[in-house]
Amino acid sequence: MDKFDIITTIQRQLGDRILAVQRKSDQRIYIEITPQSVQEASRLMLDEFAARLQIATGVDTSNGYEVMYHWALDNEGFVITLRVLLDHASAELDSIALMCPAAEWIEREMWELLGIEFNGHPDLRHLLLADDWPEGNYPMRHNHEVTT
Amino acid sequence: MNKRTIVPIGPYHALQEEPEFFKLHVEGEKVVHLDIELGYNHRGIEKLSESKTFEETIFLVERICGICSTSHPLACVQAVEDAGEIPVPERALFIRSAVGELERIHSHLLWLGLAGHFIGFNTIWMWAWRFREDVLNILELITGNRNHYGMMKPGGVRRDINKTDIPAISKLLDSLQDPIKLFRDAVVQDPLIHARTKGIGILTREKAQDYGALGPTARASGYDIDVRRDHPHAAYPMLDFDVITCEKGDVFDKAVVRILEMFESIRIIQQCLTQLEKSGGPVDSNPKTVPAGEGIGFYEAPRGEVFHYVRSDGSNRPIRHKVRAPSFMNVPTNRETVLGATVADATIILAAVDPCYCCTERMAVAVGHHDGERLLNARDLMRLSCEKTDRLMAETGLRGPSLPDFQRE
């Protein structure tokens, strides 16, 4: 399947859940989707394209939390980044850990460092930070203050 | 029901470069559950990176891992170059690939030595590390350092490879062929190593894909991925090399993939050296700024794909820098591979994903909280593993791999 077909398939399947498409280069595509469609889009990546979840990560921006899922299509040689923007007041997403075991640690990391809640995650607990890390203290948020 | 016991491996353990805590839940000899705890070595590098300039960030990520001290910087500079659409001269691409492949050889030799040690063949350990020295000497010749080479920068590399050094580098590389062949034959043909590693710690292709396994861990299971081939970068599109895969996904296949990859690495470096000898030109495009944007960079490190994401707002610092090392994806596969195994095999199974070694054996004897029962420590696990080899020797009359004396020049 060539790159054009892949983008067409994604656009047909996700329809109005797609908010923006940015073709950065031949190897990189960024697609912004609605937060509610993360599971559906991930299912599409896994089933339709046998994509590999490289990593998901979040950024605290002035508009909200931006979460990016980087999916590698190894046979086609490019990376599709699915992007969702979450309001600062509602930092939660549906977990994809059950359909994609690779996401289990990735979501735990994002939960503890950026404070994104993952609904339906099988085991949402600290991964890198200490078990007694203070609740509600998220180091990757911009308002995080370093205390000694 | 059998009494369940917890065998702690870690947080500090000779099997692991970085502190990690594996809790093996065992019933009798069988492992029935595995808990993995991380975070003992969490240094907040992503957060720290936001306070560094792009130039400083490269030095920071070089210190994430002592062994992958080219893979992280290379992935990082490629992310910066992707974000800022920064060109890289062709000569720099060949140097990047050559240094990256030298790192792969020394890392795989290190793993091979330790794997031999864990199953009681210290000869393999000593010889593998002796020839690793030759690789480090080549790296010193090229970069000035045995480790932490400081070679990568956005737009190119910091040092050229002198054309006058190339014949010596090429000769040293060639001298590695014979020892690696001997290791290959010693491991591939030895029935005792077969008995210790075949059918042990199997990761199926399906599970490898589910967990997003990477590098030799994935390729040993027949999951044919390698970002050097699949996502062309550095000089790889201009080079001829094969991606090594196996089918069964056991400890033996993981060893075979790593050993055969070393031959491919030598092939790649020789091609790079030929190109470097033929042509000249700059090794750095000297970018002055990184425009606003975001970029992804990755590199096939010895353990699998290293991933970096960088976002720039046009200033001289990244506003977000995400790093994902291959062990982050490979270590969870232990939950599949170690289940049902015996404690004596757990050591080599956990080591088979090559979870980054830096070796601090500071494990104390753990005493069970409730019953005061003495649990197993690192030395006990090593002893169990070596005893199994000894037992197999006694039962089968086999002696294990014999390595002929290598003569120092």
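**Entry 1: helix α3 of chain A**

I looked up what the buried residues of α3(A) pack against, and found β3, β4 (64–73) and β7 (117–119) of chain A together with α12 (326–330) of chain B; contact here asks that two C-beta atoms, placed from the backbone, lie within 7 Å. The model is a predicted one, in which local features need pLDDT of at least 70 and side-chain atom pairs count only at pLDDT 80 or more, while totals for chains, interfaces and linings use all residues. Residues are numbered from 1 along each chain as its sequence is written, and chains are lettered from A and ligands numbered from 1 in the order in which they are written.

Helices (H or I, at least four residues) and strands (E, at least two) are taken as DSSP runs, numbered from the N terminus. I noted that twelve of the twelve residues of α3(A) are buried, so this helix is largely enclosed by the rest of the structure; buried stands for 20 or more other C-beta atoms within 10 Å of a residue's own, exposed for 12 or fewer, and partly exposed for anything in between, with C-beta atoms placed from the backbone. Among the buried residues are Trp105(A), Trp111(A) and the charged-type entries Glu104(A), Arg108(A) and Glu112(A).

I then checked the length of α3(A), residues 103–114: at 1.5 Å a residue its twelve residues should span 16 Å, and the end C-alpha atoms are 16 Å apart, which agrees. The expected span is 1.5 Å times one less than the number of residues. Following α3(A) comes Gly115(A), with a positive phi near 75 degrees.

**Entry 2**

β3(A) pairs with β4(A) in the antiparallel sense over nine bridges, two strands being paired if DSSP finds at least two bridges between them. Ala56(A) has Tyr69(A) in β4(A) as its bridge partner, and a hairpin of two residues joins β3(A) to β4(A).

How many residues of chain A are in contact with chain B? I found 21, facing 22 residues of chain B.

**Entry 3: the domains of chain B**

I read chain B as divided into domain 1 (4–41 + 341–396) and domain 2 (45–329), with bounds from an automatic or database domain assignment. The C-alpha centres of domain 1 and domain 2 of chain B lie 28 Å apart, and 20 residues of domain 1 are in contact with 21 residues of domain 2. On the domain 1 side, α14 (343–352) and α15 (378–396) of chain B are the elements that give two or more residues, and α15(B) gives the most, with seven. By class, this side of domain 1 has 14 nonpolar, three polar and three charged residues.

**Entry 4: two open sheets of chain B**

I traced an open sheet of three strands in the order β1-β2-β3 (chain B), with antiparallel pairing. β1 (4–9) and β3 (30–37) of chain B stand at the edges with a single partner strand each, so one side of each is left without a neighbour in the sheet. β2(B), residues 21–27, and β3(B) pair over seven bridges, with Phe21(B) opposite Glu37(B). α14(B) lies across β1, β2 and β3 of chain B, at about 150 degrees to β2(B); axes are lines fitted to C-alpha atoms, for helices over the stretch in contact, and angles run from 0 to 180 degrees between N-to-C directions.

The other sheet I followed has three strands in the order β6-β7-β8 (chain B), also open and antiparallel. Six bridges join β7(B), residues 304–312, to β8(B), and Tyr309(B) stands opposite Lys322(B). Helix α3 (residues 71–84) of chain B lies across β6 and β7 of chain B, at about 150 degrees to β6(B).

**Entry 5: Glu336 of chain B**

Is Glu336(B) buried or exposed? I found Glu336(B), in helix α13 (residues 334–337) of chain B, to be buried, with 20 other C-beta atoms within 10 Å. Leaving aside neighbours within four places in sequence, Glu336(B) is in contact with Leu203(B) and Lys207(B).
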